[in-house]
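Subject: Structure handover

Hello,

Here is the structure for you to look over. My notes follow below it.

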Amino acid sequence: MSADSTAVTTPAAADTAAAPPGGGRHLGLALFVIAAAQLMVVLDGTITNIALPSIQTALDVSDANLAWIVNSYALAFGGLLLLGGRAGDLFGRRRMFQLGIALFTLASLLGGLAPNEGLLIGARILQGVGAAVAAPSALSLIATTFPEGKPRNKAMGVYAAMAGIGATVGLLLGGVLTDALDWRWVFFVNIPIGLAVLAGTKTLVEAERHRGRLDLPGTVTGTGGLIALVYGITRGGEHGWTDGLTLSCFAVAVVLLGVFLVIQNRTAHPMMPLRLFKDRNRSGSFATMLFIGAGMMATFYFLTLYMQLILGYSAVKTGFANLPFSLGMGVAAALSAKLVTRLAPRAIAGPGLLVAAVGMFWFATLTPDSSYAGHLMPAMFVTALGLGMGFVPMTLGAVSGVDHQDTGIASALLNTAQQIGGALGLAVLATISTSAANDRLPDAAASFYRGLATEDHGLVAEAADALTHGYTLAFVGAGAMFLAGLVVTALAVNARKQETPEGAAPVHMG
């Protein structure tokens with residue numbers, strides 16, 4: 001079924017009769033539950049970042065292992081998304097959503113109580129597993145609960161806003177909780193949210209289980225290949241792209257993913273049905289989301305470094321400084337949710353990505369003396385405005401017109417594209433930034449800290465200039481990624497506006 005389809009004509013439409021009377025009145029609460037879960041999962045990718053210095057001091061974490069407090073979550077999340085999506089299709093989306101949120105909440109408790117780095121990293125891995133199980137089901141529950149047209153577009157707008165706002169909320173909460181309470185609260189804060197989400201799942205109707213079985217050979221090769229790929233990307237950014245283990249990971253990823261594709265083409269019950277890629281709009285949406293994830297993750301990373309190192313912002317101030325990003329994302333997501341019923345997806349996402357690229361090139365003009373009000377704040381808002389315009393139509397394009405039994409895996413593929421894109425973009429742009437800074441001043445980061453320790457203001461100023469030069473080149477690279485997404489959107493996404501024909505039956509869960 002094409003993404004151009006204006007109604008989902010599947011047997012699922014018959015499930016409307018199975019919905020409890022008055023179920024429509026609970027759609028608002030159902031959306032709140034799903035949006036809260038998405039916010040929790042997304043913000044956990046950034047909330048820990050600002051707390052890292054405190055964690056390192058409290059648990060005596062080595063520099064080498066500190067990065068894995070962040071990377072272990074991304075590795076488990078990105079590597080297991082396909083498995084989580086398929087499990088939702090086969091075993092029930094509400095059931096898997098509940099399981100994922102329960103795992104995530106438990107892992108958050110364990111992380112907050114962790115007495116050493118080993119257990120903390122283990123808790124982060126478990127958080128990633130929970131997120132990988134819950135996230136695909138969250139998006140597919142929207143796709144199957146809300147009828148195509150304005151109701152689903154509005155729901156997708158809220159979901160897309162959470163995907164973008166979550167990262168900045170994570171930075172804000174991370175700073176406030178770490179400074180006001182203790183680093184352990186960046187984990188404990190998930191517990192009441194998780195429990196509330198679990199209680200709210202009673203408003204969701206369990207989907208009918210679909211026939212089939214879990215593709216075990218595909219699960220092993222696909223999950224193993226994705227984990228090897230994400231690990232290779234992460235290690236490459238830290239140890240260089242010619243590192244032996246990095247190259248070995250990429251080789252393993254190529255072999256496993258190649259075998260995975262062969263299996264998917266031959267098995268009767270594939271974990272990732274290749275028919276999902278036959279629709280150019282869906283494939284284009286996946287590819288565009290990969291570029292959006294790449295540029296967006298790098299943006300948060302380098303802006304945080306610039307504000308804390310160069311401008312000397314505290315953790316709390318850095319969090320609040322990112323609020324224009326949340327504001328811009330929220331405004332744009334709400335606007336684009338209305339526009340998708342009037343304009344074609346590429347007519348919204350294309351200009352949005354162009355605006356986001358303009359914002360990145362604006363960041364590329366930063367200097368060590370740039371002001372927040374005159375430079376950072378407007379550039380943040382412009383970038384977020386553009387990204388928000390891209391999120392909603394691409395999210396809709398990924399799940400619109402998908403056969404009911406495949407909505408979970410389609411949702412997982414969209415999340416996987418964003419996660420893989422984020423890991424790849426950050427690794428590549430971090431390498432570019434570090435190389436550029438070190439070309440201007442050898443060991444620029446070490447020189448910066450040495451200057452601070454010895455109160456050598458001249459060295460600090462020289463190192464700050466070198467580091468800023470590296471950051472600005474990374475922003476240029478992120479802008480180029482948004483432009484690449486624009487090209488993919490223009491060439492591949494040719495769907496018409498999203499609307500429901502008169503008389504089309506709403507599609508409900510199940």
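Helices here are DSSP runs of H or I with at least four residues, numbered from the N terminus. With that in mind, α10 (216-239), α11, α12 and α17 (407-440) each supply at least two residues of the lining of the second largest pocket. Please note that this is a predicted model.

**Overall**

The protein chain has 19 helices and zero strands. It holds 510 residues, of which 55% count as buried. Take the contacts between residues at least 6 apart in sequence: 84% of them join residues at least 24 apart.

**The second largest pocket**

This pocket holds about 400 Å³ of space. Its lining comprises 15 residues. Nearest the centre lie L226, M272, F277, L413 and T416. Helix α17 gives the largest share of the lining, with four residues.

**The core**

The largest nonpolar core has 121 residues. Within this core, L82, F97 and F363 have the most contacts. Helix α12 (residues 280-310) contributes the most to the core, with twelve residues. Recall that α12 also supplies at least two residues of the pocket lining.

- Helix α5 covers residues 93-113, 21 residues in total. From first C-alpha to last it reaches 30 Å, close to the 30 Å expected at 1.5 Å a residue. Its buried residues are R93, M96, F97, G100, I101, F104, T105, A107, S108, G111 and G112.
- Helix α15 covers residues 345-363, 19 residues in total. Its reach from first C-alpha to last is 27 Å, close to the 27 Å expected at 1.5 Å a residue. Buried residues in α15 include P345, I348, A349, G350, G352 and L353. A356, A357, G359, M360 and F363 are buried in α15 as well.

A253 lies in helix α11 (residues 244-266). Is A253 buried or exposed? Its relative accessibility is 3%, so A253 counts as buried. Leaving out residues up to four places away in sequence, A253 touches G225, A228 and L229. T221 is 32 residues from A253 along the chain, and their C-alpha atoms are separated by 9.0 Å.

T318 lies in helix α13 (residues 315-321). Why does T318 count as buried? Because its relative accessibility is 0%, and the cut-off for buried is under 20%. Neighbours within four places in sequence aside, T318 is in contact with T304, M307, Q308 and Y313.

**Backbone points**

Most residues other than glycine have a negative phi. Two residues here deserve a check on that score.

- D443 is not a glycine, yet has a positive phi of about 50 degrees. D443 lies in the loop between α17 and α18 (444-454). With a relative accessible area of 54%, D443 is exposed.
- E455 is not a glycine either, and has a positive phi of about 55 degrees. E455 lies in the loop between α18 and α19 (457-492). Its relative accessibility is 61%, so E455 counts as exposed.

Best wishes

Key. Residues numbered from 1 in each chain as written. Predicted model: local features only at pLDDT ≥ 70, side-chain atom pairs only at ≥ 80, totals over all residues. Heavy atoms only, no water. Buried < 20%, exposed > 50% of the residue type's maximum accessible area, 1.4 Å probe, protein only. Contact = heavy atoms within 4.5 Å. Core = buried A, V, L, I, M, F, W, Y, C linked by side-chain atoms within 4.5 Å. Expected span 1.5 Å × (residues − 1). 1 Å grid on protein atoms, 1.4 Å probe; cavity = no way out; pocket = protein on both sides within 12 Å on 5 of 7 lines; lining within 4 Å. Points joined across faces, edges and corners; volume = space filled by probe spheres on them.
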